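Subject: Structure handover

Hello,

Here is the structure I said I would pass on. My notes on what was found in it come after it.

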Amino acid sequence: MREYYLPKALSVMESRRGYAEILRGRREAEIARRLPEVMEIRRRLAMTSVELTKLILKGQADFEETLEKMKKENLSLQQKERTLLLENGYPADYLELPYQCKQCKDTGYVNGTPCRCLNRLLAQLAAQDAAEESTLVLTDFSDFSLQYYPNQKDLKKNVVPREHMGELLRFCQNYAETFSGTGKGILMLGETGLGKTHLSLAIAKRVMEREYLVLYDTVSAFIDRAEGERFGRLPDRDTLGRMTTADLLVLDDLGAEYASPFGTASLYRVIDTRLEKNLPTLISTNLTAAQLQKRYENRLVSRLFSLFTTLTFVGKDIRQIRAAEGFTL
Ligand SMILES: Nc1ncnc2c1ncn2[C@@H]1O[C@H](COP(=O)(O)OP(=O)(O)OP(=O)(O)O)[C@@H](O)[C@H]1O
Ligand SMILES: [Mg+2]
Ligand SMILES: [Zn+2]
């Protein structure tokens, strides 16, 4: 997914550099008006650098000596410029190019490795697209209340739902907080209205804040878009490619999609490729293990249960509880 956003990110970087030039141009014009002697110093500084190049090219006998002399002169000129600026109420670096990022000078790279600011920009571009395209809206861990889960033991499942869900919540928070871009995925199982989508999207949000590239939507919306792109109904935004390469992919509501050959094949390919690359996928479904077995190839289902961390949601349908609360208000 980085490759998909890189050209756009680099063009943003280029405009940042252009903006720095424009800003400095304005500052130079201002200083030329108010402190012409500073501009004179800068002309002399520029000249010494030309002379230096000449000197190196000529390679004359007193090279070292002249070089030393020029260095000193240069330093004292620079010092003079700074002092003049400071004395007149300007920052000492007022005429340096005002890059947004000093580390990479808005090129996006430091010694050939991507700069922190480039990674942040890539994550922002991806987050913008994800929010625009997704049919789901991100949620927060802080809105996830344990009050909705019964505090009495569920005898059939042999757990106290509130305690069990508290553990799942902590697991998910920890997962988001320690997410590193590779590793195990999560399979969320459980009946309708128990908070699977809510927790998936809270993980997505936190991981995005940590500047990872995340894609989140329902399986059915992803397939619709991929199909639309494949058959020319939608502009090609490489939905399948991005799903395959995102740092984290959230596939919500597996099993609710319409079973088309294209959709099913795409789904298998995306999940398989991500497993091969050790990229985490977060899948939620309200199908039971048996229903999953029936609907999908055994190869996929066995992988889900052996390679993903399974979280089983318990409790009572929170949609209904909240609707009932609404009536009593
Ligand atoms: N623990 C919770 N605290 C507060 N709100 C919650 C909690 N769990 C779920 N909700 C809210 O209840 C509604 C249903 O939850 P959610 O969509 O996450 O359920 P789900 O398990 O994904 O259900 P389905 O299987 O039908 O997709 C949502 O509006 C969600 O924000
Ligand atoms: Mg859901
Ligand atoms: Zn940078």
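In what order do the five strands of the open sheet come? The order is E4-E5-E6-E3-E7, and the pairing is parallel. Strands pair if DSSP finds at least two bridges between them. The labels are DSSP runs numbered from the N terminus: helices (H or I) have at least four residues, and strands (E) have at least two.

Before the rest, some notes on reading the model. This is a predicted model, in which local features need pLDDT of at least 70, side-chain atom pairs count only at pLDDT 80 or more, and totals for chains, interfaces and linings use all residues. Residues are numbered from 1 along each chain as its sequence is written, while chains are lettered from A and ligands numbered from 1 in the order in which they are written.

Strand E4 (214-218) and strand E7 (308-312) are the edge strands, and each of them pairs on one side only. From one strand to the next, the twist averages 10 degrees. Helix H6 (residues 196-209) packs on the sheet and touches strand E3 (185-189), E4, E5 and E6. The direction of H6 makes about 160 degrees with that of E5. For such angles, axes are lines fitted to C-alpha atoms, for helices over the stretch in contact, and the angles run from 0 to 180 degrees between N-to-C directions. Two residues are in contact if their C-beta atoms, placed from the backbone, lie within 7 Å.

Strand E5 (residues 248-252) pairs with strand E6 (residues 281-285) in the parallel sense over three bridges. Val 250 has Leu 282 as its bridge partner in E6.

E3 pairs in the parallel sense with E6 over four bridges, and with E7, also in the parallel sense, over five bridges. Leu 282 in E6 is the bridge partner of Ile 186, and Leu 187 stands opposite Thr 310 in E7.

Is E3 enclosed or open? Five of the five residues of E3 are buried, so this strand is largely enclosed by the rest of the structure. A residue is buried if 20 or more other C-beta atoms lie within 10 Å of its own, exposed if 12 or fewer, and partly exposed in between, with C-beta atoms placed from the backbone. Gly 185, Leu 187 and Leu 189 are buried on one side of E3, and Ile 186 and Met 188 are buried on the other.

The cores and domains

A nonpolar core is a set of buried Ala, Val, Leu, Ile, Met, Phe, Trp, Tyr and Cys residues joined through C-beta atoms within 7 Å. The largest one has 56 residues, of which Ile 203, Ala 204, Val 214 and Leu 248 touch the most other members. Helix H4 (residues 116-133) gives the largest share of this core, eight residues. The core lies between domain 1 (2-114) and domain 2 (134-328), because both give residues to it. These domain bounds come from an automatic or database domain assignment. The centres of the two domains, taken over C-alpha atoms, are 51 Å apart.

Not counting residues up to four places away in sequence, Ala 204 touches Leu 138, Val 214, Tyr 216, Leu 248 and Val 250.

Ala 9 is in helix H1 (residues 2-34). Ala 9 is buried, with 22 other C-beta atoms within 10 Å. Leaving aside neighbours within four places in sequence, Ala 9 is in contact with Gly 108, Leu 118, Leu 121, Leu 122 and Leu 125. Ala 9 and Gly 108 are 99 residues apart along the chain, and 8.7 Å separate their C-alpha atoms.

The ligand

Which residues are closest to ligand 1? They are Thr 192, Gly 195, Lys 196, Thr 197 and His 198, among the 17 residues that surround it. A residue is near a molecule or strand if its C-beta atom, placed from the backbone, lies within 6 Å of it. H6 and helix H12 (318-328) are the elements that give two or more residues to this shell. H6 gives the most, with three residues.

Two loop residues

Glu 211 lies in the loop between H6 and E4. Its phi is near 70 degrees, a positive value in a residue other than glycine. Glu 211 is partly exposed, with 17 other C-beta atoms within 10 Å.

Asp 253 lies in the loop between E5 and helix H9 (261-276). Its phi is near 60 degrees, again a positive value in a residue other than glycine. Asp 253 counts as buried, with 21 C-beta neighbours inside 10 Å.

Regards
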